[in-house]
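Please keep the model open and find each residue as it is named.

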Amino acid sequence: MRAPHFLTPLIQSGASRAGGYALTIDGRAAVLASTIEPAFDSKTRNRGLLGRDRLADGTALIIAPSNSVHTFGMRFAIDLIYAARDGRVVKIRAAVPRSRISLALGAFAVIEMAAGSAEKAGLRAGDRLVLKSTHEGSRKE
């Protein structure tokens, strides 16, 4: 059996939306995303952001397991953040336009965010992403 990964709390919650969690950058007070949309099954992974006109600031669509995505049919540019099982950022592609394919070897998850989100948060390859509970009094991570 494989060791748990940084997304284990979301999978265990079984929610279609990950209310109660924020995606943070370890060792910093920075919150990368306060609204998380998990895409952990075939249906949600395949749909992704298709049909949307934008992705709100502070929102992350997390596609896992995956190490590649495409932006064919997209209506707007997005930031792509590739993370390993332990949450370490292995690659960032900023403001990826429509009709592109992108991948990162060694990635376990792809996090899609509004263009400019990674830079605004000061996110860099090598940073570690952590899910933190936003429920008061909870210590889940």
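This is a predicted model: local features need pLDDT of at least 70, side-chain atom pairs count only at pLDDT 80 or more; totals for chains, interfaces and linings use all residues.

1. The side chain of Arg 128 meets that of Asp 26 in a salt bridge, with 3.5 Å from N to O. Because Arg 128 lies in the loop between helix 3 and strand 10, while Asp 26 lies in the loop between strand 1 and strand 2, the pair ties together parts that are 102 residues apart in sequence. Asp 26, at 41% relative accessibility, counts as partly exposed.

2. A salt bridge also joins Arg 28 and Asp 127, whose closest N and O atoms are 2.5 Å apart. Here Arg 28 is in the loop between strand 1 and strand 2 and Asp 127 is in the loop between helix 3 and strand 10, so that the pair links parts of the chain 99 residues apart.

3. The structure holds four salt bridges, and one of them brings together the side chains of Glu 37 and Arg 52, at 2.5 Å from N to O. Glu 37 belongs to strand 3 (residues 35–39) and Arg 52 to the loop between helix 2 (42–47) and strand 4, 15 residues apart. Glu 37 counts as buried, at 9% relative accessibility.

4. Turning to the strands, there is an open sheet of three strands in the order 2-1-10, with antiparallel pairing. Strand 2 (31–33) and strand 10 (129–133) each have a single partner strand, so one side of each is left without a neighbour in the sheet. The twist from one strand to the next averages 45°. Strand 1 (residues 21–25) pairs with strand 2 over two bridges, and Leu 23 has Ala 33 in strand 2 as its bridge partner.

5. The largest nonpolar core has 24 residues, and Leu 7, Leu 23, Ile 62, Ile 81 and Leu 129 touch the most other members. Among the elements that give two or more residues to this core are strand 1, strand 2, helix 3 and strand 10. A second, separate core of 15 residues includes Leu 55, Val 69, Met 74 and Ala 104.

Key
Residues are numbered from 1 along each chain as its sequence is written. Side-chain values use heavy atoms; hydrogens and water are left out. Two strands pair if DSSP finds at least two bridges between them. Helices (H or I, at least four residues) and strands (E, at least two) are DSSP runs, numbered from the N terminus. Axes are lines fitted to C-alpha atoms, for helices over the stretch in contact, and angles run from 0 to 180 degrees between N-to-C directions. A nonpolar core is a set of buried Ala, Val, Leu, Ile, Met, Phe, Trp, Tyr and Cys residues joined through side-chain atoms within 4.5 Å. Buried means under 20% relative accessible area, exposed over 50%, partly exposed in between (1.4 Å probe, protein chains only).
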